[in-house]
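Subject: Structure handover

Hello,

Here is the structure I promised to pass on. Please open it alongside this note; my findings follow below.

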Amino acid sequence: MQTSNDEREDEMGLLDDKWLRKQEHGGRVSWRLWGTGILCLVAGFALGALFHRISTSTPQMSHGHGKSLVAPFEPSVKVTFQPNDTFAYATPGPEADAVWEALMPLGRGFVQVTPNGEFIPHAGSTSNLHNTKVVSAFHQIHCLNMLRKSLYASVGEPEKFRYMVPQIEHHWRHCFDYLRQVLMCNADVTLENLETSGEKLLARVDGWGTEHVCVDWRALKAWTEKHRGTDDGGID
């Protein structure tokens, strides 16, 4: 069955990568051409398009074969969520980009695993696409980062951003729907505390000050690097 270019890019996933593209047919446009102005229209237009997509029948996409596998991690670390100014208030640009990029492992989340489910430590050899998987968490961080960049671009360069939208509409649609399904699949059932003002409880919540049980991100990042399929870095 033939697929359109947009469907083909979605099949490759948003974590498409230089080493992966070389082993396909080459010529795929790099994310770095979109890095600072793409992915979503914010507010009503984007949400309206998203809900339209969800409410209409969408054919199933065909992807690589093989059973579903998971990295050997379970939520085990207690973390109290607090605001982090490094992420919340970093001025858009190279400094903020570097902070987000530091969340990603070397290899950008691609790992090598045999058909029998045995994870392959990185040995510096050429990766085999038949043994390649992507750790979902790093695909998700990549997607969130692209939405972050898109939001700032839509505010800082609205005219340029407006003309770029038709070229990348399928990608920001993918991001919204993909992250929606991630949140629903991994629903955090922690009960969050209400905000306070002095001794007074407020009828609202910001999510801060509540303890959650989380996967150890640093350990997951280190494990992913150990089993990476490439030495490429970056988050775009």
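Two rings of Phe, Tyr or Trp count as a pair if their centres lie within 6.5 Å, with the six-membered ring used for Trp. By that rule, the structure holds four aromatic pairs. Please keep in mind that this is a predicted model.

**Aromatic pairs**

A pair of aromatic rings is described by two things: the distance of the centres and the angle of the planes.

Take F73 and W223. Their ring centres are 6.1 Å apart and the planes stand at 80 degrees. Planes over 60 degrees apart count as edge-to-face, so this pair is edge-to-face. F73 sits in the loop between α3 (43-55) and β1 (77-80), while W223 belongs to helix α8 (residues 217-226). The pair therefore ties together parts that are 150 residues apart in sequence.

How do the two residues stand in terms of accessibility, buried or partly exposed? F73 is partly exposed, at 22% relative accessibility. W223 is buried, at 13%. The cut-off for buried is under 20% relative accessible area.

F87 and W100 make another pair. Here the centres are 5.4 Å apart and the planes are at 85 degrees, so this one is edge-to-face too. F87 is in helix α4 (residues 85-88) and W100 in helix α5 (residues 94-101). The two are 13 residues apart, and the pair links distant parts of the chain. F87 is partly exposed, with 29% relative accessibility. W100 is buried, with a relative accessible area of 12%.

There is also a cluster. Ring pairs join F119 to F73 and W223 in it.

**Surface patch**

Which residues form a nonpolar patch on the surface? They are V79, F81 and W208. Together they have about 240 Å² of accessible area. W208 is placed in the loop between β5 (200-201) and β6 (211-214). Its relative accessible area is 38%, so W208 counts as partly exposed.

**A buried histidine**

Last, look at H142. This residue is found in helix α6 (residues 136-156). Its relative accessibility is 1%, so H142 counts as buried. How far is H142 from I235 in sequence and in space? They are 93 residues apart in sequence. Their C-alpha atoms are 5.7 Å apart in space.

Best wishes

Key. Residues are numbered from 1 along each chain as its sequence is written. This is a predicted model: local features need pLDDT of at least 70, side-chain atom pairs count only at pLDDT 80 or more; totals for chains, interfaces and linings use all residues. Side-chain values use heavy atoms; hydrogens and water are left out. Helices (H or I, at least four residues) and strands (E, at least two) are DSSP runs, numbered from the N terminus. Buried means under 20% relative accessible area, exposed over 50%, partly exposed in between (1.4 Å probe, protein chains only). Patches are made of residues with over 30% relative accessible area and no salt bridge: like charges are joined within 9 Å, nonpolar side chains (Val, Leu, Ile, Met, Phe, Trp, Tyr) within 5 Å. Accessible areas come from the Shrake-Rupley method with a 1.4 Å probe; for residues, only the protein chains shown count as cover. A salt bridge is a side-chain nitrogen of Lys or Arg within 4 Å of a carboxyl oxygen of Asp or Glu. Rings of Phe, Tyr and Trp (its six-membered ring) pair if their centres lie within 6.5 Å; planes under 30 degrees apart count as stacked, over 60 as edge-to-face and the rest as tilted.
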